Amino acid sequence: MSFDRSIKIAPSILSADFADFGREIRAIEAQGADWVHVDVMDGHFVPNLTFGPPAVKAFRPHVKTFMDVHLMIAPVDPYIDAYAEAGADMITAHVEAGPHIHRTLQAIRATGKKAGVSLNPGTPAESIEYLLDLVDLVLVMSVNPGFGGQKFIPSAVDKVRKIRAMIGDRPIHIQVDGGVDPTTVGPLVEAGADCLVAGSAVFRGGSVDKPEVYGANIRAIREAAARALQAA
Ligand code: DX5
Ligand code: ZN
């Protein structure tokens, strides 16, 4: 993957039909998804449970674009190799998941996969200052992680702006996740976010039998982002 700051839409399959992931992944990619975002939850770091490595391995053959695996788990280190072997292209870990996020990011890099670091809404931008040489992506959570369909937390915009300034010309993506839709995306991209995770706003109203709705939803987010960048 060559680095660029063009806008990427990463639908979260947390909002897909859990009985039909293969077709759901193929449908969102055919409808314009740039990445596929996989939300891994452990019922401990966050109050919900989702996908172990065997599930991610089952998704892999269906993903033709880029599989971005967001680990909301603690501890992280014992599972990094398993998610790498399952076929993640990028593995993102939370700065709050343990005392040794630096070691965790080194371990992700050692697998040969891209590495991301994520911050919960209450965690300051400065917490990742000394991690930037170890990451390909910073994920700013714009909801408290655990569930899809939550209300966007506006302070994420200011945090994105601060992190964009910290990054300078380093090849690091800024991703936002939670409550991203055509009404919230503008200030985020103006502040410097280039990778937009969206669950409800992509899957809402569609299905594998009505995939054109996914396409229209993805386009609506992309167009709102483009309008905001043009106006800026
Ligand atoms: C939250 C997850 C998100 C979530 C986003 O814990 O990390 O990826 O699925 O869902 P929406 O877009 O519905 O807020
Ligand atoms: Zn996520």
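**Exercise 1.** Determine whether Asp39 is buried or exposed.

*Solution.* At 4% relative accessibility, Asp39 counts as buried, where buried means under 20% relative accessible area, exposed over 50% and partly exposed in between, with a 1.4 Å probe and protein chains only. This is a predicted model, in which local features need pLDDT of at least 70 and side-chain atom pairs count only at pLDDT 80 or more, while totals for chains, interfaces and linings use all residues. Residues are numbered from 1 along each chain as its sequence is written, chains are lettered from A and ligands numbered from 1 in the order in which they are written, and side-chain values use heavy atoms, with hydrogens and water left out.

**Exercise 2.** Identify which residues are the protein donors of the zinc ion (ligand 2).

*Solution.* Begin with the atoms: His37 (NE2), Asp39 (OD), His70 (ND1) and Asp177 (OD) lie 1.9 to 2.3 Å from the zinc ion, donors being N, O and S atoms within 2.8 Å of the metal (3.2 Å for Na, K and Ca), and sites may look incomplete because water is not among the atoms. Next, the spacing of these donor residues in sequence reads H-x1-D-x30-H-x106-D. Asp39 lies in strand E2 (residues 36-41) and Asp177 in strand E7 (residues 173-177), so the pair ties together parts that are 138 residues apart in sequence; strands (E, at least two residues) are DSSP runs numbered from the N terminus. Finally, Asp177 is buried too, with a relative accessible area of 8%.

**Exercise 3.** Find how far the polar side-chain atoms of Asp39 and Ser200 lie from an oxygen atom of ligand 1.

*Solution.* For Asp39 the distance is 2.5 Å, and for Ser200 it is 2.3 Å.

Methods:
Helices (H or I, at least four residues) and strands (E, at least two) are DSSP runs, numbered from the N terminus. A polar contact is a pair of N or O atoms within 3.5 Å; within protein, one must be able to donate a hydrogen and the other to accept it, and residues adjacent in sequence count only if both atoms are side-chain atoms.
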